[in-house]
Amino acid sequence: MPDAGTTTARICFWVEFDRENMFGWGLIPLALMQSLLLCGGQVFVKLAMGAAGRFEWSWSFILGQLTNWWWLACGLSFGGATVLWMYILKHYPFSLAYPLSCLSYAFGMVAAILVFHEQVSWTQWLGVVLIMAGCALIAVK
């Protein structure tokens, strides 16, 4: 981390941000990664439920899920997204960071097409674009 007199910090070898210009290139890659992990977690939940068989409120069903490896992927993805989100909230204003979470909507639509082979209508895409535009307007200083 930087000295007390500096305003920049290196997060890792490829991401650096300026504390005086927080909505620079540092927050965007972090928000993209956090949104990808969050969307990945949702995809893994759906895959885990697909592999789970018929849902039942029983101990045998719950114990049977312990060998469903999609749950591990889900936990790792959500865990990574949460840790990254904690870092983002620690270092960036909430009013700038939270609107960028809308990126997960677009990633979700892409996952619906690529992973689950769903048809996505132009009105659904328009909805995602409008949500993202609204979030971008909120984030404008």
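Buried means under 20% relative accessible area, exposed over 50%, and partly exposed in between (1.4 Å probe, protein chains only). By that rule Cys102 is buried, at 6%. This is a predicted model: local features need pLDDT of at least 70, side-chain atom pairs count only at pLDDT 80 or more, and totals for chains, interfaces and linings use all residues. Residues are numbered from 1 along each chain as its sequence is written, and side-chain values use heavy atoms, with hydrogens and water left out.

**Cysteines**
- Cys39 is buried too, with a relative accessible area of 10%.
- The structure holds zero disulfides (cysteine sulfur pairs within 2.5 Å).

**Nonpolar cores**
- A nonpolar core is a set of buried Ala, Val, Leu, Ile, Met, Phe, Trp, Tyr and Cys residues joined through side-chain atoms within 4.5 Å.
- The largest one has eleven residues, including Leu27, Leu84, Trp85, Tyr92 and Leu103.
- At least two of its residues come from each of α1 (27-51), α3 and α4 (94-97); helices are DSSP runs (H or I, at least four residues), numbered from the N terminus.
- Another core, of five residues, lies apart and includes Ala106, Met109, Val120 and Val128.

**Exposed loop residues**
- Leu66 sits in the loop between α2 (59-64) and α3 (69-91).
- Leu66 counts as exposed, at 65% relative accessibility.
- His117 lies in the loop between α5 (103-114) and α6 (122-139).
- His117 is exposed, at 63%.
- The phi of His117 is positive, about 55°, although His117 is not a glycine.
- Most residues other than glycine have a negative phi.
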